[in-house]
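Subject: Structure handover and findings

Hello,

Below is the structure I promised to pass on.

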Amino acid sequence: MTNVFDDPRITAVGLLFEAHAGLSARFNAQLEEHDLSAVEFEVITRLARSPGNQLRMTDLAAQTSLSTSGVTRVVDRMERDGLLTRRACPNDRRSSYAVVTAAGMQRLNETLPGHLQMIEQWFTGQLDPEALTALLDGLRRVRDAAHPCATAGSDDTTFAQETATEQP
């Protein structure tokens, strides 16, 4: 008789959760040294990697695991800390952008070297280049299926169109 718990699908998800938990614990400790939570680091990194270092609040919510009200609370807190600011959307009065400030970029630049070192030590350095390429491809396919809005607002087209309509 086959044991249903020996199913490789259960093993795959279990390993993913175990790896995530282990990496999160290590990363959280390092981020705390720089006075950032994991959510704040995710937000500021996503903004820094976006055109103009900004995203619409709705796109930021779509790219993260946060609800729109959750993003609002995080951005409020980070704005109070001087790491982000809000900017009105020139084409839609109902929308606003979260934008990384110079202080936010400085905090990110101070945090990244240690974070990248940890990523290399505990994650990417565990894989040879071919395995890393395969993993990235697989993770993108799973992400796109499970979280299709994860790249919302991340293309240069929207940024270029909106900044072209702004007055100097």
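UniProt positions are given in the numbering used here, feature names are shortened, and annotations may be inferred rather than shown by experiment. With that in mind, the unreviewed UniProt entry lists "domain: HTH marR-type" for residues 1–144.

Some ground rules. This is a predicted model, in which local features need pLDDT of at least 70 and side-chain atom pairs count only at pLDDT 80 or more, while totals for chains, interfaces and linings use all residues. Residues are numbered from 1 along each chain as its sequence is written, and side-chain values use heavy atoms, with hydrogens and water left out.

Overall layout

The protein has seven helices and three strands; these are DSSP runs numbered from the N terminus, helices being H or I of at least four residues and strands E of at least two. In sequence order the pattern is α-α-β-α-α-β-β-α-α-α. The C-alpha trace spans about 70 × 35 × 30 Å along its principal axes. Within residues 1–144, 65% is helix and 9% strand, and the end C-alpha atoms lie 36 Å apart.

Of the 168 residues, 29% count as buried. Here buried means under 20% relative accessible area, exposed over 50%, and partly exposed in between (1.4 Å probe, protein chains only). Taking contacts (heavy atoms within 4.5 Å) between residues at least 6 apart in sequence, 58% join residues at least 24 apart.

Helix H5 covers residues 102–122. Thr 111 lies in this helix and counts as buried because its relative accessibility is 0%. Not counting residues up to four places away in sequence, Thr 111 touches Gln 30, Leu 31, His 34, Leu 36 and Phe 41.

Glu 120, also found in H5, is partly exposed, since its relative accessible area is 47%. Its side chain makes a polar contact with the side chain of Thr 124 at 3.1 Å. A polar contact is a pair of N or O atoms within 3.5 Å; within protein, one must be able to donate a hydrogen and the other to accept it, and residues adjacent in sequence count only if both atoms are side-chain atoms. Leaving aside neighbours within four places in sequence, Glu 120 is in contact with Gly 125 and Gln 126.

The charged end of Arg 26 sits over the ring of Trp 122, 3.5 Å from its centre. The test is NZ of Lys or CZ of Arg within 6 Å of the ring centre and within 35 degrees of the ring normal.

Helix H6

Asp 128 caps the N-terminal end of H6, with a side-chain oxygen 3.1 Å from the backbone nitrogen of Glu 130. H6 runs over residues 129–146, and its 18 residues should span 26 Å at 1.5 Å a residue; the end C-alpha atoms are 25 Å apart, which agrees. The expected span is 1.5 Å times one less than the number of residues.

Two loop residues with positive phi

Most residues other than glycine have a negative phi. Asp 35 has a phi near 60° and lies in the loop between helix H1 (8–32) and helix H2 (38–48). Asp 35 counts as exposed because its relative accessibility is 58%. Asn 53 likewise has a positive phi, about 55°, and is found in the loop between H2 and strand E1 (54–56). At 25% relative accessibility, Asn 53 counts as partly exposed.

Regards
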